[in-house]
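Me: I'd like a close look at one part of this protein, please. Could you walk me through it with the cut-offs spelled out?

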Amino acid sequence: MADISQPPKMDSKAIAEISKQARALMVNHYYAAWDSGIGEARIDAAVGQDGRQHSKLYKIYSAEADICWNGHQIKRDNMDHLFEALKTVRTKHTINQLDVQPLSDLNHFLVSIHGQCLYDSEITRGFSHIVIWWKEIQQGSTPKYWLVHDNFRWTTGL
């Protein structure tokens, strides 16, 4: 049985690279999709394999992703409904803390984020966000990153 009292032994240079990549994925893809505007600005111009347009976040989730958004369990196919429900809410996310932990290998990593979200230019709320990314490596192609677990929760100040 593995010693679970210690994190997996991994090269510190590799962990630093994963941390850098995780921050870029969250800032440049996840939060950028929310903060890109309202309404149609949050929709990807490309048509999906199902012949429909989807939210910009839709394509970064694995098909079987486990998503819990502020206590609401949703599936990837329902992600567009979340964007639709919040289509008039303008957001600006700020990351205060970001911690990355490789899981069983360097292709799966947990990201824990704490930050603030300013919405409608007047209300600021704290949030806690925990995600698990999977780095899919296919021979001869650029790695693809997928969100396989996403738990976003508004927090209350103490």
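Which residue in strand 8 is the bridge partner of Asp66?

Reply: The bridge partner of Asp66 in strand 8 is His149. A word on the ground rules before going on: this is a predicted model, in which local features need pLDDT of at least 70 and side-chain atom pairs count only at pLDDT 80 or more, while totals for chains, interfaces and linings use all residues. Residues are numbered from 1 along each chain as its sequence is written, and side-chain values use heavy atoms, leaving out hydrogens and water.

Now to the strands themselves. Strand 3 (residues 61-69) and strand 8 (residues 144-155) run parallel and are joined by five bridges. Strands here are DSSP runs of E with at least two residues, helices are runs of H or I with at least four, and both are numbered from the N terminus; two strands pair if DSSP finds at least two bridges between them. Strand 3 also pairs with strand 4 (residues 72-74), this time in the antiparallel sense, over three bridges. In that pairing, Trp69 has His72 of strand 4 as its bridge partner. Two residues lie between the strands of this hairpin, and Asn70 takes a positive phi near 50° there.

Between Val131 and Phe109 the C-alpha to C-alpha distance is 8.3 Å, with 22 residues separating them in sequence. Val131 counts as buried because its relative accessibility is 0%; buried means under 20% relative accessible area, exposed over 50%, and partly exposed in between, using a 1.4 Å probe and protein chains only.

A disulfide is a covalent bond between the sulfur atoms of two cysteines. The working rule is a pair of cysteine sulfur atoms within 2.5 Å, and by this rule the count is zero. The sulfur of Cys68 has its closest cysteine sulfur in Cys117, but the two are 17 Å apart, so they are too far for a bond. Both residues count as buried: Cys68 has 19% relative accessibility and Cys117 has 1%.
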